[in-house]
Amino acid sequence: MRTSKALPPIIRIIKYTIIDEVRQKSFIIMFVICAIFVFLMRGCYQGNYMVNGQLLDAGTVVKTVSKVTFHVIGVSVMLIAALFSMRVFKRDRDNGMQSCILSKPIARWQYVIGKIIGMWALSVLFMFTLHSIVFLISSISLKVIMPEYLAASLLCSFNLLFVVIAVLLLSLLMADIVAFLCVMGIGVVSFVADGISAISHSQVAQAMLQQSGSQSDLTGWKVIYFLWPKLSGTQQVASSFIGIEGFQGLESVYPLINVLIYVLILGALLFWRFRNKDII
Amino acid sequence: MIELNSVTKRYDSLVAVDNVSFSIKPGEYFALLGPNGAGKTTIVKMLLDFTRPTTGSLSLKGLTSINAACRTAVGYLSENLHIPPYLSGWQYLQRCAELLDISRSDAVDQCRRIVELIGMQGREYNKVKTYSKGMNQRFGLGAALIGNPKLLILDEPTAALDPIGIREIRQLLESFKNQGMTIFLNSHLLSEVEKICDTAAIINHGKLLVKDTISTIVKEGDTLEDVFIRLVKG
């Protein structure tokens with residue numbers, strides 16, 4: 001009974017969050033720019049690609065270009081989700097919706113949950129639409145159907161949930177733009193760290209590390225690397241579905257668990273922070 | 001209906017509300033008076049759980065103010081009312097009705113009645129950004145009336161209204177008396193308060209100076225304004 005009574009206000013807040021965001025010109029402009037970019041990527045599917053003197057077959061080209069597009073869209077939508085989330089509370093406060101909603105028999109947790117789900121749903125829809133355009137291009141023009149592409153897109157939504165919650169939380173603690181930059185910084189470090197980790201696993205890097213004897217010095221960095229929000233890792237796990245690279249053991253699920261744990265921790269902090277916040 | 005028990009609110013070293021206690025009975029028309037910065041709006045915000053008291057407790061309809069359920073059948077008009085400029089007045093009222101879980105057909109009926117009540121027929125479908133401050137205030141009051149509230153908390157409801165608007169709002173509030181509604185009014189317009197309210201409290205520097213019926217506070221030959229200035233100036 002409690003749950004059934006708690007749901008309608010949350011659903012309405014989700015609805016208003018989505019409507020208020022989509023209504024903005026900046027949202028529409030961003031979406032149009034992204035869609036044009038994805039359409040332009042179509043040209044990359046045609047053409048001859050040589051790797052080590054060997055001509056790549058059409059199937060490999062489609063899979064590779066689709067994967068690159070997948071990552072570019074994933075990162076771009078994370079950036080866009082952060083941009084839109086940073087002003088959600090401020091906008092609601094400035095246009096009076098926050099006090100309007102909270103003066104009704106609606107608890108603060110319902111309001112926060114509505115905002116989180118609204119922003120998350122909108123970001124996921126944004127990303128899924130862009131990924132669907134790539135899927136349609138490869139299916140219709142190139143006759144390569146990759147249903148796993150859409151599944152991978154949905155898996156990437158964990159990253160968007162992290163970004164939305166992290167930005168919403170930080171926007172309560174600091175200036176909106178600083179909150180945005182902080183979360184983007186976390187993302188950049190995650191992607192750079194994964195890149196360095198990939199390089200360090202190469203034979204050359206291993207040999208260099210053994211020679212210098214600095215293996216033990218890296219333990220601290222490895223701990224930080226594993227504890228850092230694995231946004232890049234989650235995207236890698238998602239993209240591994242494209243072309244079916246296969247399940248690579250527990251290690252491949254770890255980034256998802258890592259991001260989910262962060263989502264839970266940051267979500268709890270967000271609820272706690274908003275509960276103690278004065279409504280203006 | 002409303003009860004404040006030894007409520008104190010501190011912002012760092014500033015004491016906004018200092019050990020205030022009073023209660024308001026159902027059906028009472030109550031005015032909270034005080035100069036700017038006396039702590040009136042802070043009390044309203046604590047009643048709605050927009051801010052928490054440092055010590056003490058507040059309750060609405062027997063429920064503690066931190067319980068969202070206590071705001072059932074409570075209408076609120078904010079001092080600094082803002083309405084999303086991209087909505088029309090009608091859309092704003094509809095949103096408020098939806099948030100109260102009122103069915104679509106009931107919401108339309110209620111909104112239509114309220115638009116008539118606040119005298120905004122013909123302008124309800126215009127965007128809020130085209131409204132004057134007074135028109136905004138009317139729609140704010142309209143939004144507070146959605147869901148047939150038993151308690152109206154009005155923070156400076158006549159702040160942006162012209163004399164005709166002030167009179168209309170007063171007449172509107174007076175008409176609710178027969179319906180058993182309780183009104184908590186924050187206002188500077190002492191002459192209006194004197195006409196509408198049964199009881200009043202005067203606070204200054206967060207301290208409660210007096211809380212009684214208007215007829216007891218205002219002695220023969222005095223006005224509420226005289227009493228107010230005398231009490232506030234000490």
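**Notebook: a look around chains A and B**

I started with A:Leu155, which is partly exposed, with 19 other C-beta atoms within 10 Å.

Ground rules before going on. This is a predicted model, where local features need pLDDT of at least 70 and side-chain atom pairs count only at pLDDT 80 or more, while totals for chains, interfaces and linings use all residues. Residues are numbered from 1 along each chain as its sequence is written, and chains are lettered from A and ligands numbered from 1 in the order in which they are written.

**More on A:Leu155**

I found A:Leu155 in helix H7 (residues 147–155) of chain A. Helices (H or I, at least four residues) and strands (E, at least two) are DSSP runs numbered from the N terminus. What does A:Leu155 touch, leaving out residues up to four places away in sequence? I got A:Val237, A:Ala238 and A:Phe241; contact here means C-beta atoms, placed from the backbone, within 7 Å. I also checked A:Ser239: it sits 84 residues from A:Leu155 along the chain, with 9.0 Å between their C-alpha atoms.

**The core**

Next I looked up the largest nonpolar core, which has 135 residues. Such a core is a set of buried Ala, Val, Leu, Ile, Met, Phe, Trp, Tyr and Cys residues joined through C-beta atoms within 7 Å. A:Val164, A:Ile165 and A:Val167 have the most contacts inside it. Helix H6 (residues 108–140) of chain A gives the most to this core, 13 residues. Domain 1 (1–73 + 150–168 + 177–234) and domain 2 (81–148) of chain B both give residues too, so the core lies between them. Those bounds come from an automatic or database domain assignment.

I followed up A:Val167: setting aside neighbours within four places in sequence, its contacts are A:Ala82, A:Ser85, A:Met86, A:Ala179, A:Phe180 and A:Val183.

**Where A meets B**

I see 20 residues of chain A in contact with 21 residues of chain B. Which helix of chain A gives this side its largest share? H5(A) does, with five residues. By class, chain A's side has eleven nonpolar, four polar and five charged residues. Ala, Val, Leu, Ile, Met, Phe, Trp, Tyr, Cys and Pro count as nonpolar, Asp, Glu, Lys and Arg as charged, and the others, Gly among them, as polar.

**Inside chain B**

The C-alpha centres of domains 1 and 2 of chain B are 25 Å apart. Their contact takes nine residues from domain 1 and seven residues from domain 2.

I then traced an open sheet of four strands, ordered S2-S1-S4-S5 (chain B), with antiparallel pairing; strands pair if DSSP finds at least two bridges between them. Strand S2 (14–24) and strand S5 (63–64) stand at the edges with a single partner strand each, so one side of each has no neighbour in the sheet. Strand S1 (residues 2–11) and S2(B) share seven bridges, and B:Glu3 has B:Ser23 as its bridge partner in S2(B).

Last stop: strand S6 (residues 74–77) of chain B. B:Val74 and B:Tyr76 point one way, B:Gly75 and B:Leu77 the other, and all are buried. S6(B) pairs with strand S7 (residues 151–155) in the parallel sense over four bridges, and B:Gly75 stands opposite B:Leu152.

Key:
Buried ≥ 20, exposed ≤ 12 C-beta atoms within 10 Å, placed from the backbone. Contact = placed C-beta atoms within 7 Å.
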